[in-house]
Amino acid sequence: MNLIILLLPIIAIVLMFRSQKKRQQQMQQMQTALEPGAGVRTIGGLYAQVKAVNEETVELEIAPGVVSYFTKSAIAAVLDPQEYDAIINGRPADDELPEPEADVEAEPADEKPLSLAKEGAEKGEAEGGAPASK
């Protein structure tokens, strides 16, 4: 029984270190795979296109003609070209295309249009139930 109590925390610690090491390896692979022209998202949520990759830094074009320098560790994700284009240009993904709207004839409204004029309003009440001003 005492052996189980001792082993449980040790196993939990080993699993935590293992998952952290796996995440670090994935991040390292992503950073080495950076290449000019790729769309990326930074840890701050900035979307940009890679212009150049140096040893420790990355040059990102955040707007046409505007280049900023970031460390490689500031890159959170490398995006697919279609995903980057959809985010930057606001285009829906292929599976999210809007459905064409059916032609529905609008029924004429029997209500009279709202007016701000005092004419036709009963004394003491304006349209909409608000008291009339004197």
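Trainee: In what order do the elements of the protein run from the N terminus on?
Mentor: Starting at the N terminus, the order is α-β-β-β-β-β-α, made up of two helices and five strands. Helices (H or I, at least four residues) and strands (E, at least two) are DSSP runs, numbered from the N terminus. Keep in mind that this is a predicted model, in which local features need pLDDT of at least 70 and side-chain atom pairs count only at pLDDT 80 or more, while totals for chains, interfaces and linings use all residues. Residues are numbered from 1 along each chain as its sequence is written, and side-chain values use heavy atoms, with hydrogens and water left out.

Trainee: What share of the residues counts as buried?
Mentor: Of the 134 residues, 15% count as buried, where buried means under 20% relative accessible area, exposed means over 50%, and partly exposed is in between (1.4 Å probe, protein chains only). The accessible surface of the protein is about 11700 Å², and carbon and sulfur atoms account for 56% of that surface. Those areas come from the Shrake-Rupley method with a 1.4 Å probe, and for residues only the protein chains shown count as cover.

Trainee: Which residues make up the largest nonpolar core?
Mentor: There are nine: Met-30, Leu-34, Ala-38, Val-40, Ala-48, Val-50, Val-58, Leu-60 and Ile-75. A nonpolar core here is a set of buried Ala, Val, Leu, Ile, Met, Phe, Trp, Tyr and Cys residues joined through side-chain atoms within 4.5 Å.

Trainee: And which elements give two or more residues to this core?
Mentor: Strand E2 (47-53) and strand E3 do. In soluble globular proteins, nonpolar side chains tend to be buried together.

Trainee: OK, pick Leu-60 from that set; which residues is it in contact with?
Mentor: Leaving aside neighbours within four places in sequence, Leu-60 is in contact with Val-40, Thr-42, Ala-48, Gln-49, Val-50, Val-66, Val-67, Ser-68, Phe-70 and Ile-75, contact meaning heavy atoms within 4.5 Å. Leu-60 lies in strand E3, and it counts as buried because its relative accessibility is 0%.

Trainee: What does Ile-75 touch?
Mentor: Not counting residues up to four places away in sequence, Ile-75 touches Met-27, Met-30, Leu-34, Val-40, Arg-41, Thr-42 and Leu-60.

Trainee: Switching to charges, how many salt bridges does a search of the whole structure find?
Mentor: The search finds one, taking a salt bridge as a side-chain nitrogen of Lys or Arg within 4 Å of a carboxyl oxygen of Asp or Glu. It is formed by the side chains of Glu-61 and Lys-51 (3.0 Å, N to O). This pair links distant parts of the chain, since Glu-61 is in strand E3 and Lys-51 in strand E2, 10 residues apart.

Trainee: Are those two buried or exposed?
Mentor: They fall into separate classes: Glu-61 is buried because its relative accessible area is 18%, whereas Lys-51 counts as partly exposed because its relative accessibility is 40%. Besides Lys-51, the contacts of Glu-61 beyond four places in sequence include Ala-48, Gln-49, Val-66 and Val-67.

Trainee: What about Lys-72, where is it found?
Mentor: Lys-72 is in the loop between strand E4 (66-71) and strand E5 (75-79). It is buried yet has no salt bridge, and the nearest side chain of opposite charge, Glu-55, is 8.1 Å away. For charge, Lys and Arg count as positive and Asp and Glu as negative, while His and the chain ends are not counted.

Trainee: So what does its side chain reach?
Mentor: The side chain of Lys-72 reaches the backbone oxygen of Asn-54 at 3.3 Å. Leaving aside neighbours within four places in sequence, Lys-72 is also in contact with other residues, among them Gln-31, Val-53, Glu-56 and Val-58.

Trainee: Last one, strand E4: is Tyr-69 buried or exposed?
Mentor: Tyr-69, which is found in strand E4, counts as exposed because its relative accessibility is 59%. Not counting residues up to four places away in sequence, Tyr-69 touches Val-58 and Glu-59. The C-alpha atoms of Tyr-69 and Val-58 are 5.7 Å apart, although the two residues are 11 residues apart in sequence.

Trainee: And Thr-71, which side chain does it make a polar contact with?
Mentor: Its side chain makes a polar contact with the side chain of Ser-73 (3.2 Å). A polar contact is a pair of N or O atoms within 3.5 Å; within protein, one must be able to donate a hydrogen and the other to accept it, and residues adjacent in sequence count only if both atoms are side-chain atoms. Thr-71 is also in strand E4, and it is partly exposed because its relative accessible area is 43%.
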